[in-house]
Every structure is written in C-alpha cells, then in structure tokens.
Amino acid sequence: MKSIIKIVGEDYVISSLPKSYQKIQPLKNRDTIPVVRINLELGVWQYLPSGLQTNGTVYLHQLLQDGPLVISTYSPDWNGYGERHLKLLNSIYPRIHALGGNLLVLTTEYYKNIVHTIQEHDLGFNIMQDYENRISEALGVYSKYEPVWDRIAGISEDVPFAATFVINADRRIVYDYVDRDFEYVVSDKEIEKAVKIARLFG
C-alpha cells in the first residue's frame, strides 16, 4: 500500500495512509521516541533538567538529561477518568522524582487552564499544552482518523487516547501503557518499576 510522507511541524515525520487505514499506532517497548521540538512557553514547569529554562524551545529528549522521563497524556474532557488519572500521577510523582526521574503530562488544556488545574489538584509535576495533539500524534496515541469521541460515550472533544510511556536516557521506551477503552488508569507500581529499569538500562 502506498503511503505519503509528510512533515509535521519542523522536526518529525509521520506516514500518512489512506483515511480508512490511518489508525493510532502507539509506540511500544523498545521503540525510540521521535525527535520532537516542544515550546516550553506552553507549559508550567515545576522541575526541569539542569541548564534548561522555562521559555523558548527544546527537544523532547532533552528532558532526559538528568534521568528517565515519564510521559503521560491527559484531558479534562476524559471526565471522571481524567481526574483518577491525575490523582494517580500525583501520588506516584514523588517516587519518580526520588528515583531521579521526571514526569511530563501532555494536555489538551490551554495554558491558563493548566495553571488552574495545577492549583485545583495541588499537582507537583510538569504539564504542557500539546498544541493540536502534535506530540500525542508523534507518540502514536492520537489520530484524527480514529477519534476518541467516536469510540467512547461521553467524550465529545478532539483528545488523545490515555497513554503513559517511560523512557530511558537512550530515548528508548521501556514501558508503554495505552487504554483505548478508558477503563483502567495506569498502575503506579508498574511506573515505579519501569523508572527503576530505565535507570539501570539507559
């Protein structure tokens, strides 16, 4: 089947298949995360690796400078599932940080709403707006041809699937979790175990 290659943003390439075939294709264990440029001004950064500022642009993998990186998607439009997801991430974050890791949550919210979410839930980790779901698309957990709203009742916005990845210093994924049905939030024990593995093998 012929595929069409297109540039998304400035830094990564995805393969565009015919509409009926372009479903989500989540990155998996042992895959390498793509080279993606992120705008730090779209996020609230409570902990950044040494040498990085909270403005300008960096590459996603630069967040791995000081240790493993946990990336998780989130949307307030996930309703109750979203709240449970944030609560789980907030509970596991101190352990991630103690192990030398970092956590980045990609959200569909605008910056001013991110600030409100952090205050409302007393969150201690980094959250940034994933503008037009570009990073989620690069991670394979968003596709306009497989919309969440077409699968899950009660979700009507353009959002990514619920996903969490743990990445080591070599940009390799050592743990992946994607919940296509929005039934079970990711396991805190599995995240902690994966961060330990990422430290040892990376």
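Predicted model: local features only at pLDDT ≥ 70, side-chain atom pairs only at ≥ 80, totals over all residues.
**Stop 1: the aromatic rings**

Searching the whole structure turns up six aromatic pairs (rings of Phe, Tyr and Trp, with its six-membered ring, pair if their centres lie within 6.5 Å; planes under 30 degrees apart are stacked, over 60 edge-to-face, and the rest tilted). Select Y74 and W78: their ring centres are 6.0 Å apart and their planes stand at 80 degrees, so this pair is edge-to-face.

Residues are numbered from 1 along each chain as its sequence is written, and side-chain values use heavy atoms, leaving out hydrogens and water.

Are W78 and Y81 buried or exposed? Both are buried (under 20% relative accessible area; exposed is over 50%, partly exposed in between, with a 1.4 Å probe and protein chains only). W78 has a relative accessibility of 3%, and Y74, also buried, has 5%. To see the aromatic cluster they belong to, select Y74, W78, Y81, F161 and F182.

**Stop 2: the sheet**

Switch to a cartoon view and find the open sheet of six strands, ordered β4-β8-β7-β6-β9-β10 with mixed pairing. Helices (H or I, at least four residues) and strands (E, at least two) are DSSP runs, numbered from the N terminus, and two strands pair if DSSP finds at least two bridges between them. Select 69-74 (β6) and 102-107 (β7): these strands run parallel, joined by six bridges. Within this pair, S72 stands opposite V105 of β7. At the edges are β4 (43-44) and β10 (173-179), each with a single partner strand, so one side of each has no neighbour in the sheet.

**Stop 3: two helices**

Select α1 (80-98) and α4 (residues 188-200), which pack with axes 10 Å apart at about 25 degrees (axes are lines fitted to C-alpha atoms, for helices over the stretch in contact; angles run from 0 to 180 degrees between N-to-C directions). Which residues make the contact? On α1 they are L88, L89, I92, R95 and I96, and on α4 D188, I191, E192 and V195 (contact means heavy atoms within 4.5 Å).

Finish on K189 in helix α4, which is exposed at 64% relative accessibility. Its C-alpha atom is 8.4 Å from that of I92, although K189 and I92 are 97 residues apart along the chain.
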